[in-house]
Amino acid sequence: MSQELQRRRRAVVTGLTPYMNEAVLMEAVSHWQEHYSERPRYSLQGFVSDLCKLFDLGERRHHIHMSLVQAMSMSEQELASDPLAHNSEQGQHSHPCTAALQSLLETLWGNLPITVASQLQLDMVAQLRGPKVTPETRLTMEHWLQSPGRVLGGLPLSVLRNQLNNAYVLLCERLGPVEADHQLKMAYDRVRQDPSLAPSLKKLM
């Protein structure tokens with residue numbers, strides 16, 4: 001994600017913070033990232049309309065819109081912190097199991113035809129819209145899946161195992177269980193060769 005796009009996301013967080021608790025805010029940011037992040041900077045009317053419908057904020061529509069417009073013009077120093085930056089800045093060494101999952105899935109996708117790998121990533125994004133996925137998990141995973149080359153933000157081990165299981169189920173649906181097992185084992189054996197990841201990989205599995 002470009003610096004300008006990251007700055008706009010921080011502006012969205014800044015503008016919405018007075019009107020939402022943390023869980024709803026993360027959901028709103030996730031919605032913006034998926035549907036509005038590639039639109040022009042001040043294309044906010046549609047986003048605000050969506051928020052009013054999703055979170056029953058109709059009475060505060062004007063105030064929310066004005067708050068977002070003002071936030072878009074704020075300086076870097078005035079903006080709230082990026083909800084994803086904290087995860088990314090901690091890096092893989094602070095979250096070894098997260099690093100293990102990232103390496104495992106990236107290795108798995110790298111062994112597959114590009115079209116199959118891309119479809120699996122899209123399938124994982126689609127599953128993140130399920131009701132049992134927390135806003136924090138959804139936003140963190142979406143950001144990584146939709147931004148090649150980024151570091152996956154730290155997530156709890158239970159969440160990582162669930163995401164790996166989801167990826168395996170999707171792989172079985174695409175390739176069949178025999179080939180899915182073969183591909184996952186190849187990726188596992190390759191990642192296991194990295195001594196810095198091997199213990200966390202074992203814990204993840």
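Trainee: Is Asp56 buried or exposed, and why?

Mentor: Buried means under 20% relative accessible area, exposed over 50%, and partly exposed in between, with a 1.4 Å probe and protein chains only. Asp56 counts as exposed because its relative accessibility is 71%. The residue lies in the loop between α3 (45–55) and α4. Helices (H or I, at least four residues) and strands (E, at least two) are DSSP runs, numbered from the N terminus. The phi angle of Asp56 is near 55 degrees, a positive value in a residue other than glycine.

Trainee: What should I know about the origin of these values?

Mentor: The model is predicted: local features need pLDDT of at least 70, side-chain atom pairs count only at pLDDT 80 or more, and totals for chains, interfaces and linings use all residues. Residues are numbered from 1 along each chain as its sequence is written, and side-chain values use heavy atoms, with hydrogens and water left out.

Trainee: How many helices and strands does the chain have?

Mentor: The secondary structure comes to eleven helices and zero strands. Read along the sequence, the pattern is α-α-α-α-α-α-α-α-α-α-α. Along the principal axes, the C-alpha atoms fill a box of roughly 55 × 30 × 25 Å. Of the 205 residues in the chain, 47% are buried. The chain exposes about 10700 Å², with carbon and sulfur atoms supplying 53% of that area; accessible areas come from the Shrake-Rupley method with a 1.4 Å probe, and for residues only the protein chains shown count as cover.

Trainee: What share of the contacts joins residues 24 or more positions apart?

Mentor: Contact means heavy atoms within 4.5 Å. Among contacts in the chain with a separation of 6 or more, residues 24 or more positions apart account for 69%.

Trainee: Why does Leu68 count as buried, and what does Leu68 touch?

Mentor: Leu68 counts as buried because its relative accessibility is 0%. Leaving aside residues up to four places away in sequence, Leu68 touches Ala11, Val12, Gly15, Leu16, Leu44, Phe47 and Val48. His65 is also placed in helix α4 (residues 61–72). His65 counts as buried because its relative accessibility is 17%. With residues up to four places away again not counted, His65 touches Leu44, Gln45 and Val48.

Trainee: Why does Arg9 count as buried?

Mentor: Arg9, which is found in helix α1, counts as buried because its relative accessibility is 1%.

Trainee: How does one read the length and cover of a helix?

Mentor: The expected span is 1.5 Å times one less than the number of residues. Helix α2 (residues 22–35) has 14 residues and reaches 20 Å from its first C-alpha to its last, close to the 20 Å expected. Its buried residues include Leu25, Met26 and Trp32, and their cover includes α1 (3–16), α3 and α8. Helix α6 has 15 residues and reaches 21 Å, close to the 21 Å expected. Helix α6 is mostly covered, with twelve of its 15 residues buried, including Cys97, Gln102 and Trp109.

Trainee: Which residues of α7 are buried?

Mentor: In α7, Ala117, Leu120, Asp123, Met124 and Val125 are buried. What covers them includes α6, α8 (135–145) and α9.

Trainee: Which residues line the second largest cavity?

Mentor: The second largest cavity, with a volume of about 30 Å³, is lined by Leu108, Trp109, Leu120, Met124, Ala167 and Leu170. The elements that give two or more residues to this lining are α6 (96–110), α7 (114–127) and α9 (157–175). The lining residues divide into six nonpolar, no polar and no charged; Ala, Val, Leu, Ile, Met, Phe, Trp, Tyr, Cys and Pro count as nonpolar, Asp, Glu, Lys and Arg as charged, and the others, Gly among them, as polar.

Key
On a 1 Å grid over the protein atoms alone, a cavity is a set of points where a 1.4 Å probe fits but cannot get out, and a pocket is an open set with protein on both sides within 12 Å along at least five of seven lines; lining residues have an atom within 4 Å of a point. Grid points are joined across faces, edges and corners, and a volume is the space filled by probe spheres set on the points.
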